[in-house]
Amino acid sequence: MISIPLAETITIEPEKIDVVSILITVGVGLVVWIVARFIILRITRRVSAGSSFFKKPHFKWVQPAIRALDHERRSQRAETIGTLLTSLVSVVVVVIVIIYVLKYMNVDVAPLLTSVGILGVAIGFGAQQLIRDFLAGIFITIEDQYGIGDVIVTSEVIGTVESVGLRITRVRAEDGAIWYLRNGEILRVGNRSQGDYVPLESPDTDPTGAAEKAEEKASE
């Protein structure tokens, strides 16, 4: 009688989750975020207070973004730039921490990254106008094209700027109407407050001159 050996049972042990590495990754990410936020906060406070640190010769490239302005305008620009930098740092840190945590949990992150990339491309195509407005708002703020209190001229309206955001610029027109201009739609803008603008005098709006001319004609 021939005996057939039984197949050896194969036991597959589940991979262990590296809890220590996960905690270290989360801790490092939190420390990096706190330090970056602290640095951004210090820089924005200095810019808002009008610090002369960035006026040194080797910092000429940033002077257009932080030149001496009135307090309200400078504070808003500093807050906008600080919020933008904080959001950017937060997103980068959170994404990196999540990827490493999933890796230490033995999750294959390659398909996940591919899916996120495809989703990002789809969102980008669907929100092209929104992204355009945000990018335009960033450059308007950094380049100091206009700010609070400036009188600007666009193809839509002539008025005084009341607020400048990353997506919308609010302008009070000469007739008192409030206009909300999308930054991506402002293709050309003139700033009367930054230049040597001199208003043109219309002869119809000069009652004194008109009266003198009338008297001269009557005497003739």
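Where do Tyr100 and Tyr104 both lie, and how many residues apart are they? Select helix α3 (residues 71-104): it holds both, four residues apart, about one turn of the helix. Helices here are DSSP runs of H or I with at least four residues, strands are runs of E with at least two, and both are numbered from the N terminus.

This is a predicted model, in which local features need pLDDT of at least 70, side-chain atom pairs count only at pLDDT 80 or more, and totals for chains, interfaces and linings use all residues. Residues are numbered from 1 along each chain as its sequence is written, and side-chain values use heavy atoms, with hydrogens and water left out.

Stay on the two tyrosines. Rings of Phe, Tyr and Trp (its six-membered ring) pair if their centres lie within 6.5 Å; planes under 30 degrees apart count as stacked, over 60 as edge-to-face and the rest as tilted. The count by this rule is one aromatic pair. Tyr100 and Tyr104 form that tilted pair, at 6.4 Å centre to centre with 40° between the planes.

Next, select Arg46 in helix α1 (residues 19-49). Its C-alpha atom is separated by 9.9 Å from that of Ser75, 29 residues apart along the chain.

Finally, select Asn183, in the loop between β4 (178-182) and β5 (189-191). Asn183 is buried, at 2% relative accessible area (buried means under 20%, exposed over 50%, partly exposed in between, with a 1.4 Å probe and protein chains only). Not counting residues up to four places away in sequence, Asn183 touches several residues, including Asp133, Tyr146 and Gly165 (contact means heavy atoms within 4.5 Å).
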